[in-house]
Amino acid sequence: MKSAVSSSLLFNSKNLFNPNPFSRFTLLKSSFFPKLLSPRSITNHTLKLPSSSTSALRSISTSMASSFNPEQARVPSALPLPAPPLTKFNIGLCQLSVTADKKRNISHAKNAIEEAASKGAKLVLLPEIWNSPYSNDSFPVYAEDIDAGGDASPSTTMLSEVSKRLKITIIGGSIPERVGDRLYNTCCVFGSDGELKAKHRKIHLFDIDIPGKITFMESKTLTAGETPTIVDTDVGRIGIGICYDIRFQELAMIYAARGAHLLCYPGAFNTTTGPLHWELLQRARATDNQLYVATCSPARDSGAGYTAWGHSTLVGPFGEVLATTEHEEDIIIAEIDYSILEQRRSSLPLNKQRRGDLYQLVDIERLNSK
């Protein structure tokens, strides 16, 4: 049966372009549906197949699907979505104004986290570079030794204290990190016990030159991170990226293959690329991978050397914008419901339809750790 179908389609491929819409149905009828109703019934949407023909069609469909080898489209194979500790919870996105006063920035972030928690947030996300102006001149001045902690890192010391006291998970935006003679753009994740659960160093540095609009070269001062970061928390498995990382769909795909429920991107898109790409990229990452995407930006300061676009947002697994704001300082509280993930993936089963016979995404880190 399979060879007959393949042969028929091969030698009659011209039927696909035939102006007669019934020619290819006639072909299928003569090939393997001898009791098929007339083409006229097709136009009336009354096509009913005999049970034997239905079984044959199902068998062919299953055979074709299995030949796609979807499990081989991601190497190593994708992990199953883990059962989250919570199915529903509130996330808080703190879009903060940032000044040159570091102590004020730290205190201001602390107040915003406390306000978000008081409104029911179990997970709080801060912006990219929230303790410092966003500039190559500022990064070395405001950088902290995160590993040393204490007075060497007042920003993360505050995050640890607040997360433990409020019993919430904090995705600590990002701050400049100093390690020896190197600087990184680093996001710290603190659990509800106040412990540092993960540290993500921005993998893709923001080097951009749009003549007459914006030029910025993070690589003048910062070093690129080397490791994708996914972390299990009290509010699910979360993949972390920072701003420019969102442009690289491979990173998000790796996180999805590692079983992420949610991707968090603290970011500071600018007023040139922000209107064009900020929401577009968030919705694309969520839609492609059928998971939640949350972003958090600094509030806009038109007098700053670098002007942030704002518009912190939560996107659902169908690419729908669930909550967003404008460019002013704001705190968004929105609900995440992980039960929707399975619904969306069942309705649109992308993971079962990937063509592992044609392409592969290789997770180098997981592959090397086997």
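Which residue lies over the face of Y184, and at what distance from the ring centre? The residue is R201, and the distance is 4.3 Å. Keep that one in mind. I'll come back to charges over rings in a minute.

First, the ground rules. This is a predicted model.

Now the overall picture. The protein chain has 370 residues, and 46% of them count as buried. It carries twelve helices and 17 strands. Look at contacts between residues at least 6 apart in sequence: 69% of these join residues at least 24 apart.

On to the aromatics. How many aromatic pairs does the structure hold? Eleven. A quick reminder on geometry: a pair of aromatic rings is described by the distance of the centres and the angle of the planes. Take F89 and Y338. Their ring centres are 5.5 Å apart, with 65 degrees between the planes. That pair is edge-to-face, because planes over 60 degrees apart count as such. The two residues come from distant parts of the chain, 249 residues apart. F89 is in strand β2, residues 88–95. Y338 is in the loop between β16 and α10. Are these two buried or exposed? Both F89 and Y338 are buried.

There is also an aromatic cluster. Y134, F139, F206, F216, Y244, F248 and Y306 form it together.

Back to charges over rings. You have R201 over Y184 already. Here is another: R344 lies over the face of F318, at 4.3 Å from the ring centre.

Next, helix α7, residues 154–166. It has 13 residues. From first C-alpha to last it reaches 18 Å, close to the 18 Å expected at 1.5 Å a residue. Which of its residues are buried? S155, T156, M158, L159, V162 and S163. An α-helix has 3.6 residues a turn, so residues three or four places apart point the same way. What does the buried side pack against? Its partners are α5, β4, β5 and β6. For reference, α5 spans 102–118 and β6 spans 182–190.

D145 is found between α6 and α7. It counts as partly exposed because its relative accessibility is 33%, between the 20% and 50% limits. Leaving aside neighbours within four places in sequence, D145 is in contact with A152, S153 and R178. A polar atom of the D145 side chain lies 3.2 Å from the backbone nitrogen of A148. The C-alpha atoms of D145 and L183 are separated by 9.7 Å, and those residues are 38 apart along the chain.

Last stop, E326. Where is it? In the loop between β15 and β16, with β15 covering 321–324. E326 also counts as partly exposed, because its relative accessibility is 47%. Again leaving aside neighbours within four places in sequence, E326 is in contact with Q95, G310 and H311. G310 is 16 residues from E326 along the chain, and their C-alpha atoms are separated by 6.3 Å.

That's the tour. Happy to take questions.

Notes. Residues numbered from 1 in each chain as written. Predicted model: local features only at pLDDT ≥ 70, side-chain atom pairs only at ≥ 80, totals over all residues. Heavy atoms only, no water. Phe/Tyr/Trp six-rings, centres within 6.5 Å; stacked < 30°, edge-to-face > 60°. Helix = DSSP H or I, 4+ residues; strand = E, 2+ residues; numbered from the N terminus. Buried < 20%, exposed > 50% of the residue type's maximum accessible area, 1.4 Å probe, protein only. Lys NZ or Arg CZ within 6 Å of the ring centre and 35° of its normal. Contact = heavy atoms within 4.5 Å. Polar contact = N/O pair within 3.5 Å; in protein donor to acceptor, adjacent residues only side chain to side chain. Expected span 1.5 Å × (residues − 1).
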